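Subject: Structure for you to look at

Hello,

Here is the structure we talked about handing over. Please open it first, then read the notes below alongside it.

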Amino acid sequence: MSISRMVMLVGLAMFIAVPAFVPPYFLHLLIQILLWAFIYTAWALMGRFGFVSFGHGAFMGVGAYYEITPGIGIPLGIALSMLLAVVIGYPCFRLKVVEHYFALVTLALSQVVLLSLVAARDVTGGSLGFTQRAVGHSWYALQFPEKSYFYGISIVLWLIGLYVWQRIDHSISREALEAISEDEDAAAAIGIDVLREKLRVTLISAALTALGGAIFAQYMMYLNPETVSGIAVSLQIVFAVIAGGAYSMLGPTVGSLLTLSLTEGLRVWFGTNFIGAANTIYGILLILCIIFMPQGIVGALRGLKLRPSRTKAAAPAE
Amino acid sequence: MDLYLVEAIINGILLGGVLALLALGLNLIFGVIDVVWIAYADIVMCGMYVIYFLYVEYGVPLPLACLIAIASMAALGVVVHLLIIAPVLNSAPINQLLATGGLLFFLQSFATLLFGTDFRNIGVRLPILEIATLYISFARLIAFGVGLIGAVVLYLFLKRTYIGTAIRAIAQDREIVGLMGVDQRRIYLVTSAIGGALAGLAACLLALQYDVHPHIGNTFGPVIFMICVLGGLGNMIGGFIASFIISQIIAIGGYYSNTELSYVLAFIFFIVLMFVRPRGIFAR
């Protein structure tokens with residue numbers, strides 16, 4: 001443990017020193033990879049237990065759009081995101097809206113946030129987006145002309161994400177949540193507070209996603225409803241995590257690294273003449289991933305245990 | 001009553017016709033194959049591109065272009081089933097959802113790659129009818145009429161023909177039907193073809209009213225899902241009624257505020273109803 005910890009520390013030190021050596025473009029890429037990795041990790045906190053949410057676009061959008069004055073905006077965005085998580089999560093978990101029904105309800109939530117942002121065009125600029133007023137170097141407004149500051153911030157965020165993952169992974173909640181994902185009724189029967197456990201992990205996940213969205217918006221300096229909320233973003237989150245693996249701590253990070261370098265690589269390779277090329281290949285890869293690694297994915301989402309599909313088992317009973 | 005409100009309500013009913021058609025296709029596939037095609041609206045998008053290119057670029061007469069679009073979307077439905085759905089038939093529902101989600105990604109970006117993000121219109125301008133000081137778009141009226149006819153034809157097909165009966169039987173009990181000598185795989189293919197054809201038909205109707213662009217599926221897709229889930233996934237009559245409820249919310253909401261907020265309203269209505277009646281409005 002101590003040797004691996006030392007290796008980790010050395011690796012981290014090298015990681016932190018990166019801005020001194022690489023050109024700004026790669027730094028820009030790295031920052032994006034880290035920020036998305038943080039958001040993906042936040043999603044995977046739920047996703048690893050089979051609670052597949054298509055609503056994280058909503059949490060990210062709320063977080064991103066509420067930090068117009070960061071000092072007040074970021075906590076407000078996080079609070080609002082958590083409120084949203086309760087408003088949706090509580091009835092869902094209470095009334096046992098699970099599996100793909102849960103996915104569809106959260107999908108609707110994503111669209112509600114996206115369309116609300118577009119509709120409030122007087123404040124948000126609607127589909128045209130919203131460019132922040134640059135104030136130069138300022139901790140209060142969380143704006144830095146130098147990328148290295150954001151690099152530092154994104155490393156800290158990413159580490160926070162991994163830390164939260166570890167905490168949950170080592171807690172009794174993890175056992176409870178795994179039991180719930182296996183069989184909710186049985187879990188309730190042995191005294192697990194299903195509602196509380198699910199709600200807690202959802203709240204943590206939503207709060208982190210909102211924080212990630214806020215910092216992302218702060219880094220980009222430009223906000224567009226389509227890039228931080230809605231179905232497309234929600235799907236992007238889900239797919240990247242699945243590509244990387246939702247079950248291990250670094251899985252979402254790998255997913256982020258994989259998808260972003262693929263997108264960027266293809267963009268550089270094909271140039272801007274072929275706008276859709278990267279996502280086309282991405283889409284094919286996702287389908288292949290799901291068809292040819294079903295165990296991998298089910299395992300990733302359900303805790304590495306091979307179980308017969310639920311629909312098959314339930315069909316004769318109906 | 002306010003004249004514009006009446007117009008909004010009528011437009012809502014007319015929109016409901018097309019939505020009903022799409023909901024029927026999706027519900028048929030769900031009821032029979034038990035897979036949610038999250039990319040269903042993007043197949044409609046493909047159909048609209050087929051019509052656009054045949055009619056505008058190659059000068060094919062519009063009715064023929066529509067027929068080709070319907071046929072090619074039926075073929076696309078079969079291809080999608082064989083390549084993507086068949087391999088994940090026995091996977092967990094959430095994986096099936098994700099596989100068709102990958103298809104959504106693929107179709108939208110492939111269309112962007114091929115055609116760019118331009119909005120294209122087939123440029124057919126149908127007259128606007130004036131009935132007792134009400135203005136009604138002829139294109140919408142056609143869409144409504146054809147949508148209803150499509151629904152009735154599908155109903156008769158399912159009730160009256162042998163293969164239709166087999167399809168209904170599979171939707172009721174997929175274990176036993178095999179024992180009765182029905183070839184499941186063939187039924188699945190036929191169902192996918194019908195689902196694709198319905199998407200093609202909807203594409204013809206929508207091409208008259210809307211511009212084609214790679215992301216047009218995002219405008220209708222989520223709404224169709226809501227409708228199907230509200231009506232109870234697989235419940236065709238429920239989906240049919242739900243499409244008129246949702247289209248009224250969108251139309252009347254749009255009259256009182258703006259389009260985006262009316263959709264927000266429809267989605268919130270959906271979320272609330274999922275809590276009150278999780279298996280659809282008409283669940284027993």
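How many aromatic pairs does the structure hold over all chains? The count is 17. Please keep in mind that this is a predicted model.

Aromatic pairs

One of the pairs is Tyr49(B) with Phe115(B). Their ring centres are 4.2 Å apart and the planes are at 25°. Planes under 30 degrees apart count as stacked, and this pair is stacked. Tyr49(B) sits in helix H2 of chain B and Phe115(B) in helix H4 (residues 93–115) of chain B, so the pair ties together parts that are 66 residues apart in sequence. Tyr49(B) has a relative accessibility of 3% and therefore counts as buried.

Phe106(B) and Phe110(B) also form a stacked pair, because their planes are at 15°, with 5.3 Å between the ring centres. These two residues are both in helix H4 of chain B, and because they are four residues apart, about one helical turn separates them. Are they buried or partly exposed? Buried means under 20% relative accessible area, so Phe106(B), at 19%, counts as buried. Phe110(B), at 34%, counts as partly exposed.

There is also a cluster: ring pairs link Tyr49(B), Tyr52(B), Phe53(B) and Phe115(B).

Helices H2 and H8

Helix H2 (residues 40–57) of chain B and helix H8 (residues 184–207) of chain B have axes that come within 8 Å of each other and cross at roughly 55°. That angle makes H2(B) oblique to H8(B). The crossing of the two helices is right-handed.

Which residues of H2(B) and H8(B) meet? From H2(B) they are Tyr40(B), Ile43(B), Val44(B), Gly47(B), Met48(B) and Ile51(B). From H8(B) they are Gly195(B), Leu198(B), Ala199(B), Ala202(B), Ala203(B), Cys204(B), Leu206(B) and Ala207(B). Sorted by class, this contact has twelve nonpolar residues, two polar residues and no charged residues.

A residue in H8

Thr191(B) is also in helix H8 of chain B. Its relative accessible area is 0%, so Thr191(B) is buried. What is Thr191(B) in contact with, leaving aside its neighbours within four places in sequence? The list is Leu28(B), Ile29(B), Val32(B), Ile33(B) and Ile167(B).

Regards

Conventions. Residues are numbered from 1 along each chain as its sequence is written. Chains are lettered from A and ligands numbered from 1 in the order in which they are written. This is a predicted model: local features need pLDDT of at least 70, side-chain atom pairs count only at pLDDT 80 or more; totals for chains, interfaces and linings use all residues. Side-chain values use heavy atoms; hydrogens and water are left out. Axes are lines fitted to C-alpha atoms, for helices over the stretch in contact, and angles run from 0 to 180 degrees between N-to-C directions. Angles under 35 degrees count as roughly parallel, over 145 as roughly antiparallel, 65 to 115 as roughly perpendicular and the rest as oblique. A crossing is left-handed if the near helix is turned anticlockwise from the far one by less than a right angle, and right-handed if clockwise. Contact means heavy atoms within 4.5 Å. Ala, Val, Leu, Ile, Met, Phe, Trp, Tyr, Cys and Pro count as nonpolar, Asp, Glu, Lys and Arg as charged, and the others, Gly among them, as polar. Rings of Phe, Tyr and Trp (its six-membered ring) pair if their centres lie within 6.5 Å; planes under 30 degrees apart count as stacked, over 60 as edge-to-face and the rest as tilted. Buried means under 20% relative accessible area, exposed over 50%, partly exposed in between (1.4 Å probe, protein chains only).
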